[in-house]
Amino acid sequence: MTIGTAPPPDVTVPVAAPPEPRRRPAVPPPGLVLSWLLVLLVVAWAVFPGLFTAHGPYAGDPALSFAPPSWEHPFGADQLGRDLFSRAVHGAGTTLTATLVAVLVAFGAGTVIGLAAGYAGGALDTTVMRVVDVLLSIPSLLLAMVIVSVLGYSTYNVALAVGIASIASFARVMRAETIRVTHTDYVEAAHGLGVSRWGVVAGHVLPNALGPVLALAALEFGTAVIAVASLGFLGYGAPPPEPEWGLLVAEGRDFVALYPWISLLPGTVLALVVIATHRISTSLRPNR
Amino acid sequence: MARYLTAKVGRALFVVWASFTLTFALLFVLPADPVDLLFDPAERNSITPEIRAQVSALYGFDQPVLVQYLLRLGAALTGDFGTSVQSGRPVVASILDVLPGTLLLAVGSLALAVVAAFAIALVATYTRHRWLRDLVEALPPAAVSVPVFLLGILFIQVFSFTLGWFPSFGEVGAASIVLPLVTLAIPVSGPIAQLLVRSFTDEFASPYVVTSAAKGATRGWIVVRDVFRNASLPALTIAGITFGNLVAGAVIVETIFSRAGIGRLTQTAINTLDVPLVQGIVVFVSASFALINLVVDLVYPLLDPRLRAELRAGATAPVPARTERSPS
C-alpha cells in the first residue's frame, strides 16, 4: 500500500449531500399531543357516553327548544329541546363504530386481495388489477351511494359501503409492496432454505409489506369518518332520531339562519376529529 | 407510439365497459327482485301480481339475466341507457340536461383550486420565515379534513345570513354561484396543494437550483423560472383524484345550495331507486374519468421531454407512476 500515489478513493467532491433527516424532537409536538387527546376523548365518548353527559340523547324538553349554548347545555338544544352535547357524545359511538367497520373491511379485504395478486402474479394479478382500475374509476362516494342503495339505508350498510368502496386503494398499495418484498434477497433465501410458500407469505412477505398499508389505514380513518358522515348527512345512514354526526348537521340545516349552533357545533367536533386523525396519521407515516 | 396509444385507448374502453357490467351486476342482478327497487318501499306490499308482471315485462326483468345484460349492453353501445323510471325521459337526455350546471361549477372550482394550490406552494417555497411556511403548509390538510357539507353550511351562515353578501341557494344571477364555487374549491385544492408543496420543495433542493443561485439568480427568479416550471407537471398525475373529489363534492354542494346538476340528479336517482338513471350516471362518470386519464397519459409525454425520448425508444412502460391514494 503506497501512500501518496493513488488518490484516496473515497475523497470526492461532495455533490448534493442527501438532505439531513429532520431530527425527531424528544418532546412530541404539541399539535400531535392535542390530536391524540382529542381522539382518546372522543373514543371515550363512544365507549362510556354516560360519563360525559347527564342528559339523554333522545329526551326532549320543550322548554329548552332552541336554547343557546350554556354551562348546563354546552352545545345548546335543538328544535325539540334535545341536548345537543349529549347527542354529539352519543353520536360518537355510531359514527366511530361505522368508521372502524369501514376501515377494517377495506383493510382486511384489500390486504388479502393485494397480497394474493402480488405474490401469485400472472393471470390472477392481471385480473385483480383490472378490477381495481375499474373500482378506482368510480368516485368512492358515488360507489358507496350505489352500494348503500342496493343494501338498504342503515349505519352498518353505510359502513360496509364505504369500506367496499375503498378496498381498491388498499389492494393497490398492498400489491405494490408485496411485489417489492417478494423480490428481496431474504425472501429468495427463505425459498431456497425450503420454507413452504405459505410460510414465506405469512412469515416474511406479509409482515414486511404491511407498513405502508397500515399507514394508509391510519389515513383512511379520517377519510372514512368524512364518508360515513357525508352519507349520514345525505340521509343514507341511521334514521332520524339516531344521533349520528352527519345526521346531526343535516337536522340543524334548516335552522342555520337563526340557530347556527345546532349544525355547527356537532359539525365542529366532526371536523376536529378528522383534523386530529390526519395529524396522527402523518406522524405514523414511515419516511417523513 | 402506435402501440402505446392502442394500449391506453383499450384500457379506457375496458374501464367503461367494466363499470357498465359492474353496475348491471349491482343494480339488476344482486337485488332479490329488481322490480322491488322500482317501487316505494311503503307501497311494495300493495302492488298486485299483475302490475308486477307488467312492470317486469316493461323493463325486461322477466328474461334471463344474460339476455337482459346483452340487450342493455347493445342498447348502451348505441347511446341508449333506457328511460328514467321517475321522469320517463331517456337517461342520456336527463344527464345532458343538467350537465352544463355541473360543468360550470366543476370547471370554476377547479380553476380556483389550482390557483389556490399554486399560491400555497409558491409561498411555502419562497418564504424564508419558518412560521409562515408552517402556517401555509397546514392549510391543505385542513382543507381536506373539513367535510364539504359543513363548509357549505358554515358559508351560508356567515356570508348569506349574517353578512348578506350572497344568496344562500338557487342559481339566479352570478352571485349565486360564488359560495358553491368556493365550497367545492377548498376540498379539491387540498390534495393538489399538498402535492405541489412537496414537489416544489424537492425541486428547490436539487442541484440545478444551487447552480442557478451560484450564477447569481435571486430566490424569486429561481422559484418562478426554475422550480415552477419543473415542479408543476406532477400535479397532472392526481387528475383522477381531483376528478373524484369534484364529483363527490358536487353531489353535496348541489344538494346544499339547491342547484340543478349531476350531483343532485345522482342523489334524486338514488333516493328514488331510479335504477337505469343510476347506472347511466355511474357509467357517465366512469367514462369521464377514463377520458381524463387517457388525455393525461397522452399529454404527459408531450410535456415531459424525458418521457418523450423514452417513448421514441420504444418503451411501453406506463408513463407516470400514478399516485391514486390521496397524498398528504
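**Exercise 1.** Where does UniProt place the feature "transmembrane region" in chain B?

*Solution.* An unreviewed UniProt entry puts this feature at residues 12-30, 103-126, 138-166, 172-197, 235-257 and 277-303 of chain B; such annotations may be inferred rather than shown by experiment. Take two of these spans in turn. Residues 235-257 of chain B are 78% helix and 0% strand, with end C-alpha atoms 29 Å apart. Residues 277-303 of chain B are 100% helix and 0% strand, and here the end C-alpha atoms lie 38 Å apart. Helices are DSSP runs of H or I with at least four residues, and strands are runs of E with at least two.

**A word on the model.** This is a predicted model, in which local features need pLDDT of at least 70, side-chain atom pairs count only at pLDDT 80 or more, and totals for chains, interfaces and linings use all residues. Residues are numbered from 1 along each chain as its sequence is written, while chains are lettered from A and ligands numbered from 1 in the order in which they are written.

**Exercise 2.** Find which residues of α1(A) are buried and which exposed residues sit on the face turned away from them.

*Solution.* Start with the helix: α1 of chain A covers residues 30-47. Next, pick out its buried residues (20 or more other C-beta atoms within 10 Å of their own; exposed means 12 or fewer): S35(A), V42(A) and W45(A). They lie on the same side of α1(A), because they cover an arc of only 85 degrees around the axis. Finally, the face turned away carries the exposed P30(A), V33(A), L37(A), L40(A) and V47(A).

Conventions: The expected span of a helix is 1.5 Å times one less than its number of residues. The arc is that of the directions from the helix axis to the C-beta atoms.
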